[in-house]
Amino acid sequence: MSIQVFDVTKKFDDFTALQNISLEVAEGERVALLGPSGSGKTTLLRVISGLEPADSGRVVIRGNEMTDEKVSDRKVGFVFQHYALFRHMSVFENVAFGLRVRSKSERPGNADIKKRVLELLKLVRLDSMASRYPSQLSGGQRQRVALARALAIEPNMLLLDEPFGALDAKVRRELRQWLRELHDKLGMTSIFVTHDQEEALELADRVVVMNRGRIEQIGTPDEIYHHPANEFVCEFLGNVNFFHCRLEGEKVYLGNTGVRISDKFGLDSKHNKVYIRPHRLEISRVPAEDSFGATIRLIHSAGPLVRVEIEVHSGERASVELSQERFCELDLKKGEAVYVVAKEIRAYPGDYSI
Amino acid sequence: MAGATGLRKRAANQVARASVTEPPLVRGILTAIALIFLVVFLILPITVIVAGALAKGVQFYFQALTEPVALAAARLTLLVAVITVPLNVLFGLAAAWALAKFDFVGKKFLTTLIDLPFSVSPVISGLIYVLVFGAQGVLGPWLQAHDIKIVFALPGIVLATVFVTSPFVARELIPLMQAQGNEEENAAIILGASGWQTFWRVTLPNIKWGLLYGVILCTARAMGEFGAVSVVSGHIRGLTNTLPLHVEILYNEYSFTAAFAVSSLLMMLAFVTLALKHFIEWQHSRETNLTAES
């Protein structure tokens, strides 16, 4: 195991940022800490790095107890959300910093430092920018300098705090892909914090979903997306329709009125909320078994998928995603009445009762 | 591209010129008021000082400056500045560091406290030390018993000057360091830098212009301070007189020419300060431009 966190708790005054967090990250693994702001993900990252001391619990890095070790002894590569580049130093000096501050006995010679820094700058494709200053770089370039600087000390692991948070959508996507390639090349254990589920699902080997200082679920992107452990994960991953439901005999009813849905999903009386992903709702012109009626309210057809907002007869709104082909086939118009079938339903015991 | 920008600039200038439509009379009056103000409050006094200083010829001027008492006053003034400024740099750095990088109880109170020397009359500042360390003061008997002289001696003058000039460096640095936060310091520490390395290589370079600016203001004030020093100095000629006090004594003795001659020294000090201040601002903006332009 590369990084082990045992039962870590951290409080800021009366706000509990982390509550009994335990986590293991394997060598070479890429883990995303995903959660809304205030969920404790950045605090966990800072506790692992040593920037923030934990109130209780232990941090072990590569089998070495690190709980009370100094930040500088942990050898972690940390990329800050706003990069925290040294503004008065050139790109070259920024990357060289970690080598220059070493004690005399460990410090490489000037020629070696130069070689190593230029290698790293080549790796992040900034070798032509060595003499520039941070303020002369674009956001994406700064991010790469920060990464090169973190890698210069040959860290045990890489910790990235919202690595793409401050970049625009296009640069984000490019950099994400590039970072994954780089990571595959280096094979370094890394943990990154994000509030963007798409980013987490795309980049990580495993995703840790956090909420209010606790871990809600740990799993591969597939597990997290297809088998969310609870309501929070289901809702946080986004793109989901939420309905109240009630059970009558063997039958499940959606919302307040008698819209019946399939009872083949094994719902019982504990369940009174259901979640249905937009692409797991199917629209048809003719009624089918377990279909329910709805009216089309809005159509967004720009994009690879067509998103249709429907109003179920119980009064609740939902969105449905279907392919362009299917959309053309059905020839849907705003205001039309259609039938909808739920192909998959996710239900959790809730506290809401009708 | 450059031509196009040039054209656009010219067009903008024309618009700007066209919008200045005040009649010549109003413009003339406004300019005149500003000029009269400058002449009456700045140029006239300076001319009077220079003229007064040279009233009895260049020889007398240098004589007034080189007489032993004047030289002693100049030496004392420099000595006080040399002791005061480093102390206040230390204090300013410590206070700004604490206020900008840490959260603690009483932070607001400390911020207010730092401004205290600005809001208290300098005479009071001097009097405080007389009341504490003077012969009739709280610690007076004990100090006398141990033969330690504070009031009416160098330590008292330094103490009063330190007090009066203490806000300069801190006031320059606090907003600067608060704006910069401590992310860069965290980055340095995580890269393996020690506390000292972080300070010398990251914090100090980031605040150097603000610090220099504060040092210059602090120095100027330390050399020019009159009120507080006047109370604690005791006006012993050749021993506890600083330049400003020396000017006062000369003036009171009706040696106007000598008083003006010594004043001209302090005036030159003001010019040097202004020049340095401009140089630093220019250097600073040049450096930011250099790092901001591609």
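Helices (H or I, at least four residues) and strands (E, at least two) are DSSP runs, numbered from the N terminus. This is a predicted model: local features need pLDDT of at least 70, side-chain atom pairs count only at pLDDT 80 or more, and totals for chains, interfaces and linings use all residues. Residues are numbered from 1 along each chain as its sequence is written, chains are lettered from A and ligands numbered from 1 in the order written, and side-chain values use heavy atoms, without hydrogens or water.

Let's start with the cavities. A cavity is a set of points on a 1 Å grid, over the protein atoms alone, where a 1.4 Å probe fits but cannot get out; lining residues have an atom within 4 Å of a point. Points join across faces, edges and corners, and a volume is the space filled by probe spheres set on them.

The structure holds two cavities of 30 Å³ or more. Which element gives the largest share of its lining? That is α5(A), with three residues. α11 of chain B also gives two or more. The lining includes Ala146(A), Arg149(A) and Ala150(A), along with Ala187(B), Ile190(B) and Leu191(B). By class it has seven nonpolar residues, no polar and one charged. Here Ala, Val, Leu, Ile, Met, Phe, Trp, Tyr, Cys and Pro count as nonpolar, Asp, Glu, Lys and Arg as charged, and the others, Gly among them, as polar.

Now α5(A) itself. Of its 13 residues, 11 are buried, meaning under 20% relative accessible area with a 1.4 Å probe, protein chains only. Ala146(A), Arg149(A) and Ala150(A) are among them. The cover includes α3, α4 and α6 of chain A, and α11 of chain B.

The largest cavity has about 100 Å³. α6(A) gives the largest share of its lining, five residues. β7 and β8 of chain A each give two or more. Eight lining residues are nonpolar, two polar and two charged.

Last, the largest pocket. A pocket is an open set with protein on both sides within 12 Å along at least five of seven lines. Its volume is about 750 Å³. Of 29 lining residues, the closest to the centre are Arg87(A), His88(A), Gln180(B), Asn206(B) and Thr288(B). The lining has 12 nonpolar, nine polar and eight charged residues.

Conventions. Buried means under 20% relative accessible area, exposed over 50%, partly exposed in between (1.4 Å probe, protein chains only). Contact means heavy atoms within 4.5 Å.
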